[in-house]
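Here is a short note for a first reading. Please keep the sequence and the 3D view side by side.

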Amino acid sequence: MEFESDNSDGFDRLPDPLIHLMFNQISDIKTLIRCRSVSKRFNSLVPQADSLLLRVDRVISAADSDDDDDSFLIAFLRSIIKSLHHLVSPSKALPSPARSQNSPAQILREFERIRNLQIELPSGDLRLEKGTTIRWKADFGKALKSCVILGFRSGEGGGGEAEFGGGAGAGLKMRVVWTISALIAASARHYMMVEVVNEHKELENLVIKDRDDEGKVVMDKKGLKECRESQGEGEEAEVNNASSGNGVGLWWRNNRTTVPAVRMRMWHEARMELSGDMKMVGATLVVVRPTDGGGERSEVEEQNGDVGLALGAFGEDAVYCEAVERLLKSRSYILEMNSF
């Protein structure tokens, strides 16, 4: 009995839609770029993947900075440029990128129809004291739409506000600093992705998070459309420039989307004990929304909206959800802040 030899690659028998599904499940851009060198077929199909994860895995320490007064956030953003170079360089299918190509936008131009995109940064943006934890989630369109922030310090014993040093006034000051720091970090991440949003018209969901799970910027289909339309109408994104000058990558260091005037609803408990023997000192929950974004709504409607945002912010973590629910039972108070 004779058998015909079949030297064809097994992948050649798979239809294109199945290969697309596999690539979407892989999602990691570094892996997908390497897949392009496997075959001509893979090289042509990889750019059609529509669910992607761009993972940044290298951090430049502050000691590598050219400026002695660079913050961790500045050094962190600069690290993205160098890290993206290493994502592209192993691929034989792609040319060696020039320095000007090492931005998220440049890397993502290799993909034709992105619908779902996650950017994973290597660490959180905030410079925190030991024992301090901050979690935040911000929703953007062309500018900030809402931000939920949960901050606390861990500790055994102690006396609530006294843990901050300086009494209740120092505690309030620290909570405001936490809020401003989270808003600055969120607006920097948003600015970083405006070019990507404008170039990828089919993008429907964008998440920018970090490996420490400190903060997350999200843009849904409606927010992405709003961002594109503001640019299409010639409306420049409001940008905060820390300084001016020339040089490669300067915008990474100095620019962020301007935070509009906001209204902040804050809940606070001096001490909380949660499940799993978790203790929080100075636990603070803040819901931030633009002052001109709610229209004519009653105070009850405003509060219900804030509560809904808070309850939905940390759904993946049971401990933080419990903390939010406990804090929402305490008295809230309102602060307002001008644009910055």
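1. The model is predicted: local features need pLDDT of at least 70, side-chain atom pairs count only at pLDDT 80 or more, and totals for chains, interfaces and linings use all residues. Residues are numbered from 1 along each chain as its sequence is written, and side-chain values use heavy atoms, with hydrogens and water left out.

2. Rings of Phe, Tyr and Trp (its six-membered ring) pair if their centres lie within 6.5 Å; planes under 30 degrees apart are stacked, over 60 edge-to-face, the rest tilted. The count is two aromatic pairs.

3. Phenylalanine 23 and phenylalanine 42 have ring centres 5.3 Å apart and planes at 85°, so this pair is edge-to-face. Phenylalanine 23 sits in helix α1 (residues 16–26) and phenylalanine 42 in helix α3 (residues 40–45), so the pair ties together parts 19 residues apart in sequence. Helices (H or I, at least four residues) and strands (E, at least two) are DSSP runs, numbered from the N terminus.

4. Buried means under 20% relative accessible area, exposed over 50%, partly exposed in between (1.4 Å probe, protein chains only).

5. Phenylalanine 152 and tyrosine 320 have ring centres 6.2 Å apart and planes at 50°, so this pair is tilted. The pair links distant parts of the chain, 168 residues apart: strand β4 (residues 144–153) holds phenylalanine 152, and helix α10 (residues 318–328) holds tyrosine 320. Phenylalanine 152 is buried at 2%, and tyrosine 320 is buried at 12%.

6. Leucine 21 lies in helix α1. Leucine 21 is partly exposed, with a relative accessible area of 48%.
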